[in-house]
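Opening the notebook on this one. I want to look up a loop residue, a helix pair and the chain contact, in that order.

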Amino acid sequence: MTAAMASSPVPALGKDLVGLESLSQEQILMILDTAEPFKEISERRIKKVPVLRGKTIVNLFFEASTRTRISFEFAEKRLSADTVNISAAGSSVSKGETLVDTARNLEAMRIDMVVMRHGSSGAAKFLADRIPSNVINAGDGRHEHPTQGLLDLLTIRDHCDRVQDLKVCLVGDILHSRVARSNIYGLLKLGAEVAVCAPKTLLPSAIGDLGVKVFKRIEEAIEWGDVLNVLRLQLERMEEGYVPSLREYNRIWGVTARKLEFAPQDLLILHPGPMNRGVEIDSDVADGPHSVILNQVTNGVAVRMAVLYLLSGGQPGSAEAAKKEAGA
Amino acid sequence: MSAKVLLKSGRVVDPSQGLDEILDLLLVDGIVASIGKEISGPEDADVIDCSGLIVSPGLIDVHVHLREPGEEHKETIATGVQAAVAGGYTAVCAMPNTDPPIDDPAAVGFIVAEGRKAQAARVYPVGCISVQRAGENLAPIGEMVDAGAVAITDDGNPVMNSGLMRLALEYAQAFGIPVADHPEDLGLSAGRHMNESIVSTRLGLAGKPNAAEEVHIVRDLLLAELTGGQIHLQHISTEFGVDAIRQAKARGVRVTAEASPHHLVLTEEAVEGYRTEAKMNPPLRTAKDVAAVRAGLADGSLDVIATDHAPHHYDEKESAFEDAPNGLVGLETAVGIIMTDIVSEGVIDIVTMIDRMSCGPARAFGLSGGTLSEGALGDVTVIDPNLSWTVDPNAFRSKSRNTPFTGRELKGAPHRTIVGGRTVWTR
């Protein structure tokens, strides 16, 4: 009994991964630690293990996505799951069919997991509350994008060997960003100091109450931080009047080589993609020595494999064994 | 043929006459014939024992959405007035944001006719301020009043054009009706779904700041002061809004205002978990605002409790939060909620409750009723202050079930509803 308690001190993730807000530090670390052994699978010549053989997973994308959808699909396929992709455009699951009907139809097809992206905040919880399958939130409105938050944490930990006590600043459109919320919750739970930097029009009014610092100008954020996570400025935000022009945004809040001139060499720069080069980030920064943007993409697959594995009932300590057995 | 009803030994609470004592009430031919101790009724009177019960002038809700014409899947006039009488209401004012909107005398006539046909609560139509509720040109207000409209409003929408609001407040004075406004500056609130706060920040929902409501309240108060017109401000939800109304009343501005049961008892935390039944406009706010709305109700800054009864079909609320419509049904829960959470907690006493639910509404909209004085309409609500019950939406008479109060245990409920001397509902 003592042994059992020692071997699984962390409560399981539960049925779904809707966000990082409801996870404990231990649960987040468990996912990151589980991702480590899965990294290697993607480096093999034959990138496939039978961990999820016989499982059916639906990737349900109500909003366009390239990186996240493909990353999930690779993670699923490398674990041998059977996958179906549904995108809003060109399917019955577009305007017209309600989310609740979609949920019921999926339930009727006896699937095991749903990975969903949806434009409305709370949509992932809505689905999770209504079907017995596992639901993984791949982004809901401006609420959370937990696997992005996790892969950002993993990338930071890879490069800095820790997250605790690091100073991490999120730069850009915090107001509309699900990535920002998942990062804030995850980073705070792992003991980082977190700041945000954006024009006030792109900050939620109560952002300070989440326990983050607010910088008005990017220069202050660069001077303060160990890590900058630069968020995409969606072009429609300019049309909606949140910022006067993209040129001004780049000059004042953009992360440019000139602004990084005096930054420490080990300053880490992340970007969840897709990038607007020349708007929130300049090419010479995105492609420069501070950038770990492509490492994020690589880590994304491993983190998603870990989440799929854990939600399907896999034991955190057995990931390596499961993998080896697979390789045999 | 004469119909006589004698309500024996009830606790008659009638703030319009300063009454709160055990009395008998005799209704003859649909009007109050006499009120007093130990009335020996005519032999052919229908005698109803009201001992242990409260006898009140009929409750009036000046803010309900009956959805007809156009959205009969949510509610009809017939089902709406059944819900009203089951909630103890003898009269309701029907908002004009139907499809088509109630913006001409024929449409007003339709509401009057359907209301009569339904044979339950009285239905008073409220006409639009502007043609098609488009906020551009005044609707034929005089003709609508002739057809039976008791007030005007573009409710659902605020009147965003201050010039039009000025004209409405001036023009309506000829007819002695109030101009009711849904105070909301759309520039600050459009495309937003709940109160702006830490909760909206966490949930990733775009928030409406208190200022969106307050800017508009202050504008309406200034225009009422400018024109001498009578403004009725709907569903006040913020502390500053209550204060602004209190100060305006002290200056002599002709303003009346509503508190909704939900803004008196719920905070924005009810939205947690993306619960669409707690999505409403104005949104549920903070505990500080709730305390201020309660204080405003108690001191009379807010004259009226109005439910903003807003039925929606179940599958319209069964959606992601941002996609769900605003509103909740309120007619059948108001008395229980107010008695349990407001009266029992000592915010107001039962006399004030009846003032805010009967006399105040009648005064604000210039309606008959709101009194049991001799010769008044025989509209009476009998309330059982001791009945314990549980909110069960499946038992609602309304067509819709959208309430955040499901499962609430309440004490105090309507017992009998009498309209024009005729019992139209009894428990």
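Helices (H or I, at least four residues) and strands (E, at least two) are DSSP runs, numbered from the N terminus. This is a predicted model, where local features need pLDDT of at least 70, side-chain atom pairs count only at pLDDT 80 or more, and totals for chains, interfaces and linings use all residues. Residues are numbered from 1 along each chain as its sequence is written, and chains are lettered from A in the order in which they are written.

Entry one, the loop. I found Ser80(A) in the loop between helix H3 (67-78) and strand E2 (82-87) of chain A. Beyond its neighbours within four places in sequence, I see Ser80(A) in contact with Lys48(A), Val49(A), Pro50(A), Val51(A), Leu52(A) and Arg53(A) (contact is C-beta atoms, placed from the backbone, within 7 Å).

Entry two, the helix pair. I checked H4 (residues 162-171) and H7 (residues 210-227) of chain B: their axes come within 9 Å and cross at roughly 45° (axes are lines fitted to C-alpha atoms over the stretch in contact, with angles from 0 to 180 degrees between N-to-C directions). Among the residues meeting there are Met165(B) and Leu169(B) in H4(B), and Leu223(B) in H7(B).

Entry three, the chains. I get 18 residues of chain B in contact with 23 residues of chain A. Helix H6 (residues 198-203) of chain B gives the most to chain B's side, with four residues.

How values were computed:
Contact = placed C-beta atoms within 7 Å.
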